[in-house]
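Here is a short note for a colleague who is opening this entry for the first time. Please keep the structure in view while going through the points.

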Amino acid sequence: MGVDTSFVGRQYPPEEVYEVGREALRAFAEAVGAAHPAHTDPDAARALGYRDVIAPPTFAVVVAQRSDARLVRDPAAGIDFSRVVHGEQHFTHHRPITAGDRLVATLHVDAVREAGGHAMVTTRNEIATEDGEPVCTAVSVLVVRGQQS
């Protein structure tokens, strides 16, 4: 069974809130080599005008991939997670993510393209605060390898 192309246009509404913690931001910053003190030191972040430490730009992938998992886990979508490769990722930030943010993501399935026995699934997560303030648009391409590869 391949990826169900009828999922294009499907939307998954926000589920659980992701609360951004300082420790998660510190660990992520260390993992990606983001050394600016605004990622780990609240005083450094406040000196720049932020209310708390700010996330490295790619931190939004944490929220986006949690949201993408809803599609991958949906048995009707026909996605075998063991065959998934993260193909692309793009972010459009509307404002920085800061410690203390309570974020939700609305998942959109924007495209499913088949080529060479594989499927490329384009998802878009509109990440916002739980009060609806836009924070980031995260676009991912998941490559679902075909059965022959």
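1. A residue is called buried under 20% relative accessible area, exposed over 50%, and partly exposed in between. Take Arg-102: its relative accessible area is 34%, so Arg-102 is partly exposed. Please remember throughout that this is a predicted model.

2. Arg-102 has a charged partner. Its side chain meets that of Glu-130 in a salt bridge, at 2.5 Å from N to O. Distant parts of the chain are linked here: Arg-102 belongs to strand β4, while Glu-130 is in the loop between β5 (118-129) and β6 (134-144), 28 residues apart. Glu-130 is partly exposed too, with a relative accessible area of 41%.

3. How many salt bridges does the structure hold? There are 12. Salt bridges with shared partners join Arg-51, Arg-95, Asp-101 and Glu-133 into one network.

4. Asp-101 and Arg-51 form a salt bridge, with the closest N and O atoms 2.3 Å apart. The two are 50 residues apart: Asp-101 is in the loop between β3 (84-93) and β4 (102-115), and Arg-51 is in the loop between α2 (42-47) and α3 (60-73). Arg-51 is partly exposed, at 46%.

5. Another salt bridge sits within a helix. Glu-23 pairs with Arg-26, and their closest N and O atoms are 2.1 Å apart. Both belong to helix α1 (residues 22-32), three residues apart, which means they are separated by about one helical turn. An α-helix has 3.6 residues a turn, so residues three or four places apart point the same way. Glu-23 is partly exposed at 47%, and Arg-26 is partly exposed at 28%.

6. Now the strands. β6 pairs antiparallel with β3 over nine bridges. β6 also runs antiparallel to β5, joined by 10 bridges. Pick out two residue pairs: Phe-91 has Ala-138 in β6 as its bridge partner, and Glu-126 stands opposite Thr-137 in β6. β6 is mostly covered, with eight of its 11 residues buried.

7. Check the turn between β5 and β6. These strands form a hairpin with four residues between them. Gly-132 in that turn has a positive phi of about 100°.

8. Helix α3 passes a simple length check. At 1.5 Å a residue, its 14 residues should span 20 Å, and the end C-alpha atoms are 20 Å apart, which agrees. Its buried residues include Ala-60, Val-63, Ser-67 and Leu-71.

9. Which residues make up the aromatic cluster? They are Tyr-18, Phe-28 and Phe-59. The structure holds two aromatic pairs. Tyr-18 and Phe-59 have ring centres 6.2 Å apart and planes at 55°, so this pair is tilted. Tyr-18 lies in strand β2 (residues 18-19) and Phe-59 in the loop between α2 and α3, so the pair ties together parts 41 residues apart in sequence. Phe-28 and Phe-59 are edge-to-face, 5.2 Å centre to centre with 85° between the planes. Phe-28 is in helix α1, 31 residues from Phe-59.

10. Elsewhere, a charge meets a ring: the charged end of Arg-10 sits over Phe-7, 3.7 Å from the ring centre.

Methods:
Residues are numbered from 1 along each chain as its sequence is written. This is a predicted model: local features need pLDDT of at least 70, side-chain atom pairs count only at pLDDT 80 or more; totals for chains, interfaces and linings use all residues. Side-chain values use heavy atoms; hydrogens and water are left out. A salt bridge is a side-chain nitrogen of Lys or Arg within 4 Å of a carboxyl oxygen of Asp or Glu. Buried means under 20% relative accessible area, exposed over 50%, partly exposed in between (1.4 Å probe, protein chains only). Two strands pair if DSSP finds at least two bridges between them. The expected span of a helix is 1.5 Å times one less than its number of residues. Rings of Phe, Tyr and Trp (its six-membered ring) pair if their centres lie within 6.5 Å; planes under 30 degrees apart count as stacked, over 60 as edge-to-face and the rest as tilted. A charge sits over a ring if NZ of Lys or CZ of Arg is within 6 Å of the ring centre and within 35 degrees of the ring normal.
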